[in-house]
Amino acid sequence: MYRRNFNAKIKMANILLASCVIALTLVSASLASDFIVLYSEDEKQLEAEYGTNTSSKHLKLSFFEDCINKDPSVCTPKTRSNAEYLSYFMESEKQECKHFEQISQSMNDVLQFCVDFDNSSWFGGAEVGLQEWPLNKLNWTDREYVTKESHSQAVVESYFFNSDGFYLHINDSVALFVDINGPRPGKMCFAAKVVAPYRKVRNFMQFRVCKFSDPRKAHENAIKDFLGSPTSIPDPYVVKYPIWSTWARYKIDVNTSSVLSYAEEIVKNGFDRGTFEIDDKWETCYGSATFDKERFSNIKDTVNKLRSYGFKTSLWTHPFINNDCPIHEVAKSNGYFVNSTAGTVNSTWWNGNASYIDFTNPEAAAWWSNGLRNLLATSGIDTLKFDAGEASWSHPLPVYYDNDLTYYPDNIVNAYLTTIKAFGDGIEYRASRRSQSYGCLLRMIDRESRWTYELGLPTLVTSLIHLNMIGYPFVLPDMIGGNGYNNLPPSKEMYIRWMQAAVFMPVVQFSYTPWDFDAQTLELCRHFMALRNNYTDTIVDLMKLTVAHGTPVNPPVWWIDPTSTDAHAIDNQFMLGENILVAPVLVEGATSRHIYLPKGMWRDENHPTSPLLSGRIWLIDYPASLEVLPWFTRVSPENQPEPSSSVCHMSSATYIIALGLIAYLFR
């Protein structure tokens, strides 16, 4: 009898540990007893019942309503329960998904739903300055969900998914505001309300929830369903050879002398030539698209000299014309600038008072483009670095030539990208929304030369995996060592660790140089560039796979082991494809780090003759002195025997929970 009970309890414990039945619970805020339960019997089909409870793993959505004007006399009274206002439907060809829509009764209404984090890790969303991973770590309150300079929110996608295999896609035309651990801690909340920076003719909340067996399958289906994938790859030249930018080293102090001196240093120190990029302060005035002859007396000769050294060339540019530029009046009189509800085209950016070209106006876009094409033709420069582009650079509540408010205000971003895409596959840009099809380099927002998660070195990794997981795999990391703002250039240690982190990323970009430091830095950077050169063809091949199948180039660790709870929370490692794992040191003064190896058999490439390592294992305090970049190659992804017990390979937190459940059974 005892053995029978013991075996029954063991069986129940195993069921508790291995349970993967998924439920989606929606709870209305208006009536405590009013809720909807969506559950999956076979993990493929979502079904709905009202008033049904479930104890299985679930995604819980809570619905709330408010009004913009808090005066009760102008708030629309509700005549029915909240659930009655929520409509949903299922597509017959896609049983995994359910669509929801809630339409406000007046423009004064605020519609909001919240997702409980529970024990799930969440991914997706916007590129931001404080790029922590997963999203559970963030703290946002009432964040307008548009591309904007504030919070360095340059790339926005209203797509979120979690470690359980749920994904959420909110219609891009919703006037969306987002809270993450804001007024409701432990929840991610999405509100639709028509206030600045939005202009709409109606207010509604519309979204889709889909359920798959794990986060990888969820993301692969999101790519097929709506994200899409690039239709081409960037110029392989920028992958195989570095970019050398004048920006961090010289800032605005660029001229013929500094450019050629910099190029000669690169040649003298024996580094690959690559693309030489002339950054800020080359124009007569911002937006003139004409070289300042006091700085560059003969730009064509300078470009030819760079070409003789073996460089291609790139030039920084932007979508603004400053007010003090004579050409500003020409563009203004022709109606080529973004207007505003206040009737002004005046705005500001980091280089002064200016106006933003209205790229939704085909005539304005063509005029602006022709100025740049003429510049390229007369100078001989090969390609362009396009900066800015976020919607927030125009006057608040902009008025565009294209007055369709569906995707307002971010329709200017897409119009800008459509315009610059015509300049070829060698360009780079930084702001984006719904533009995964563009096969160009998407540059990370400027990094600071610091060790923190606020635009610092650790965000080189979190931004890389984040952008890959919202459909932008052709990532251009910022310059080695960061930008050195506020007269705080990188230390030697930071520079070397930054170099190591970038080795297996799509592109390496320099401005501060290895010889700005010492002989050891120079030698280590040569070593790591030589290592990188062995894998640039691999990176190009992975980019081609992205075009064919939508697969990320640099996914997070969980991509190859999507059910590993340990892997879901890792923010300081990344993959190149599916067989190279990179674990750079990102902490100041550290000479060791913990490393997680997911499922598979792994070779430690710093000790290649050592025995292979069987995955789902933590390497505690892996030694990594300043000379060492920890990286591993998966040599047997499929042949590793499955672990006999899931408990043996759980994270410590899950293991403790499991022990508690078993202890409860045996009490």
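User: Which elements do the buried residues of α8 pack against?
Analyst: In this predicted model, helix α8 covers residues 362-379. Its buried residues include W368, L372 and L376. They pack against α6 (299-309), β17 (312-317), β22 (383-386) and α9 (411-421).

User: Why do the buried residues of α8 line one face of the helix?
Analyst: An α-helix has 3.6 residues a turn, so residues three or four places apart point the same way. The buried residues of α8 are A364, A365, W368, S369, L372, L375, L376 and S379. Seen down the helix axis, these buried residues fall within an arc of 120 degrees, so they line one face of α8.

User: Which exposed residues does α8 carry on the face turned away from its buried side?
Analyst: Exposed means over 50% relative accessible area. On the face of α8 turned away from the buried side, the exposed residues are P362 and A377.

User: How far does α8 reach from its first C-alpha to its last?
Analyst: The helix has 18 residues. At 1.5 Å a residue, the expected span is 26 Å. The computed reach of α8 is close to that, at 26 Å.

User: Are R447 and E127 buried or exposed?
Analyst: The cut-off for buried is under 20% relative accessible area. R447 has 0% relative accessibility, and E127 has a relative accessible area of 0%. Therefore R447 counts as buried, and E127 is also buried.

User: How many residues apart are D172 and R433?
Analyst: The side chains of D172 and R433 meet in a salt bridge at 3.5 Å, N to O. D172 is in the loop between β11 (166-170) and β12 (176-180), while R433 is in the loop between β24 (428-429) and β25. The pair links distant parts of the chain, 261 residues apart.

User: Which residues do salt bridges that share partners join into one network?
Analyst: The structure holds 28 salt bridges. Salt bridges that share partners form one network of E149, D387, E390, E428, R430, R443 and D446.

User: Which strands stand at the edges of the open sheet of five strands?
Analyst: The order in this antiparallel sheet is β28-β29-β34-β31-β32. Two of these strands each have a single partner strand, so one side of each is left without a neighbour in the sheet. The edge strands are β28 (574-576) and β32 (613-614).

User: What is the bridge partner of W602 in β34?
Analyst: Strand β31 (residues 601-604) runs antiparallel to β34 (residues 631-636), and four bridges join them. In β34, the bridge partner of W602 is R634.

User: What percentage of the residues of the protein count as buried?
Analyst: The protein has 15 helices and 34 strands. Of its 667 residues, the share that counts as buried is 58%.

Key: Residues numbered from 1 in each chain as written. Predicted model: local features only at pLDDT ≥ 70, side-chain atom pairs only at ≥ 80, totals over all residues. Heavy atoms only, no water. Pairing = 2+ DSSP bridges. Helix = DSSP H or I, 4+ residues; strand = E, 2+ residues; numbered from the N terminus. Salt bridge = Lys/Arg side-chain N within 4 Å of Asp/Glu carboxyl O. Buried < 20%, exposed > 50% of the residue type's maximum accessible area, 1.4 Å probe, protein only. Expected span 1.5 Å × (residues − 1). Arc of directions from axis to C-beta. Contact = heavy atoms within 4.5 Å.
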